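Subject: Structure for you to look at

Hello,

Here is the structure I promised to pass on. Please open it next to this email and follow along as you read.

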Amino acid sequence: MKNDGQKAVRLPSFFEAILPILTMVALMVYVFKFSDEAYDAAHMPLIIALIVTVTIGVICGHSFDEMLSGIIDRITATLDAILILLTVGLLVSSFMISGTIPALIYYGLDFLSPQTFLPVGCLLCAIVGLACGSSWTATATVGIAFMTIGAGLGINPALTAGMVISGAYVGDKFSPLSDTTNLAAGVAGTGLFDHVAAMVSTTGPVFLISLIIYTILGMNIAGAGYDPTIADGIREAISSNFNVNPLVLLPIVVIVIIMVLRIPGLPGVLGSVAVGVIFALIFQERYSVADLFSILHYGPSIETGNEFLDGALAKGGMDNQMWTINLIILAVSFGGALEKCGIVEKLFGGIKNKINSVGGIVFATMLTSIFCDAAMCDQFLGIGVPAPLYDTKYDELGLARNMLSRTLEDAGTLWACMFPWTACGAYQFRTLGVNPLAFFPFAFVNLLNPIYACVTAFAGRNIFWADGSYTNLFGKTTMKKQAKSPEKAKEVAMAALERRRAEGRAPKLSA
């Protein structure tokens, strides 16, 4: 193949294709295992692996400008998500100072008993994760509290940690404020709330199943060793520092309304920020404009005198989002470079060409996402790398783009915390004090979600089609709202769906 009519361009050899991956893995293992926490982020390994990838691209015949173009194309596809993430920092700050998140913790802890500890804890973690759009914030707030309360009950720490992870990641996935939720929608080329609606079809049933399992396990917990002082201390610290009038929970209702109305992500988040600020001024303190600017930009400084809450509530701020945004830009750049120089095609292209079924493409996408989680050590790569590899295949099968975004999260997000050497696994390990390999078997949502999604896809159920139709668990196909997708991709997918229906390979609309 010729590049610009002059320079030959070739696919990399297997060694050339695997070298950036090996570089990434080696550096990640060093950073998270042998650096003694002198450096514990994925950013620098990504930069070095990116340099290696671009170098291989040039060796294979691409110009630097072409490699840069591939990187910029992938970044451009995620700009909506990045802009939303900037405003999410504002939202978390506003929900902290309004008392919304503290009130969630306050009222949630009031429902705890030894028997209800696991299901109620899972629900509360999900609510906090939904409210702030972050599984990390959920585990760092109520998650830490539940670990200590669970220890007082004599519950296996791995079981408690698994419960916390399950709830936190459910909230994260359903939240339009989540970084991975926005990233998955962005790289798949679909709408944010189209993506959230699709995730409900897999994570919703699995969440209910998990709550049933946690309830059954909770019935066997004896209450003799229950120490309510820990939860009482947290509640007292919150009530002493915040007005916990139930009305401060109303901003959560605003988020739900935004999700139901499918208001676009950016205006929806900004509207929620305004509500949070208004509630802070009404129910909490009379902040000056300068104080509000500082809190929204840099995050609140909240001191309650309680060891579980101090620092944990000091979350949010646009400035604090830059760590994640930097990582996303680098991760997406790495994925774009891998794609441009043909590395992704070399390693996985053969698999894609052999797939001719919905179950097959879902399974392949999940395997690739989990491989990227484990080998590239970051969930953003587990989402960002498989998307450009398989997006056209989803179109060729007549599927909606939110089917792709859902699958990316079902595996790429939920299994990223399973590996202790990934950014997610390392963070949760440090936060909860339990090795991911120990708690993951008890994180039933994370463990079962990909399995449920894959089994239903192979059975021809739970599928979103390009024309907006949906095949439910009973095999009935009805018309829903058509998911957003790039115009050219939509044309290809609609034509493919019509053809496959004529051939009997896709279900027709039920009468």
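**Thr23 and its neighbours**

Thr23 touches Ile48, Ala49 and Val52, leaving out residues up to four places away in sequence. Contact here means heavy atoms within 4.5 Å. Thr23 sits in helix H1 (residues 14-34). Helices (H or I, at least four residues) and strands (E, at least two) are DSSP runs, numbered from the N terminus. Thr23 is buried, because its relative accessible area is 17%. Buried means under 20% relative accessible area, exposed means over 50%, and partly exposed lies in between (1.4 Å probe, protein chains only).

**How to read the model**

This is a predicted model, in which local features need pLDDT of at least 70, side-chain atom pairs count only at pLDDT 80 or more, and totals for chains, interfaces and linings use all residues. Residues are numbered from 1 along each chain as its sequence is written, and side-chain values use heavy atoms, with hydrogens and water left out.

**An enclosed helix**

Look at helix H5 (residues 100-109) next. Of its 10 residues, 9 are buried, so H5 is largely enclosed by the rest of the structure. Among the buried ones are Thr100, Ile101, Pro102 and Tyr106. Gly108 and Leu109 are buried too.

Helix H19 (residues 386-396) packs against helix H20 (residues 401-413). Their angle is about 145°, and their axes are 9 Å apart. Axes are lines fitted to C-alpha atoms, for helices over the stretch in contact, and angles run from 0 to 180 degrees between N-to-C directions. H19 passes H20 in a right-handed crossing. A crossing is right-handed if the near helix is turned clockwise from the far one by less than a right angle, and left-handed if anticlockwise.

Which residues meet there? On the H19 side they are Pro386, Ala387, Asp391, Tyr394 and Asp395. On the H20 side they are Arg401, Met403, Leu404, Thr407 and Leu408. Two of these residues, Asp395 and Arg401, also form a salt bridge, at 2.9 Å from N to O. A salt bridge is a side-chain nitrogen of Lys or Arg within 4 Å of a carboxyl oxygen of Asp or Glu. Asp395 and Arg401 are both buried.

How many salt bridges does the structure hold? There are 8. One of them links Asp410 and Arg406, at 3.7 Å from N to O. These two are 4 residues apart in helix H20, so about one helical turn separates them. Both Asp410 and Arg406 are buried. Shared partners join Lys173, Arg406 and Asp410 into one salt-bridge network.

Arg10 pairs with Glu16 in a salt bridge. Their closest N and O atoms are 2.9 Å apart. Arg10 counts as partly exposed, because its relative accessibility is 39%. Glu16 counts as buried, because its value is 15%.

**A patch on the surface**

Leu247, Leu250, Val253, Ile257 and Leu261 form a nonpolar surface patch. Together they have about 430 Å² of accessible area. Such areas come from the Shrake-Rupley method with a 1.4 Å probe; for residues, only the protein chains shown count as cover. Patches are made of residues with over 30% relative accessible area and no salt bridge: like charges are joined within 9 Å, nonpolar side chains (Val, Leu, Ile, Met, Phe, Trp, Tyr) within 5 Å. Val253 lies in helix H12 (residues 250-261). Val253 is partly exposed, because its relative accessibility is 41%.

Ile282 is in helix H13 (residues 265-283). Is Ile282 buried or exposed? Ile282 counts as exposed, because its relative accessibility is 52%. Ile282 and Leu261 are 21 residues apart in sequence, and their C-alpha atoms are 26 Å apart.

**A positive phi**

Most residues other than glycine have a negative phi. Asn462 has a positive phi of about 60°, although it is not a glycine. Asn462 is in the loop between helix H23 (444-458) and strand E3 (463-464). Asn462 counts as buried, because its relative accessibility is 0%. Ala459 lies in the loop between H23 and E3. Ala459 is partly exposed, because its relative accessible area is 46%.

**Arg430**

Arg430 lies in helix H21 (residues 423-432). Leaving aside neighbours within four places in sequence, Arg430 is in contact with Glu37 and Asp40. Arg430 is partly exposed, because its relative accessible area is 44%.

Best wishes
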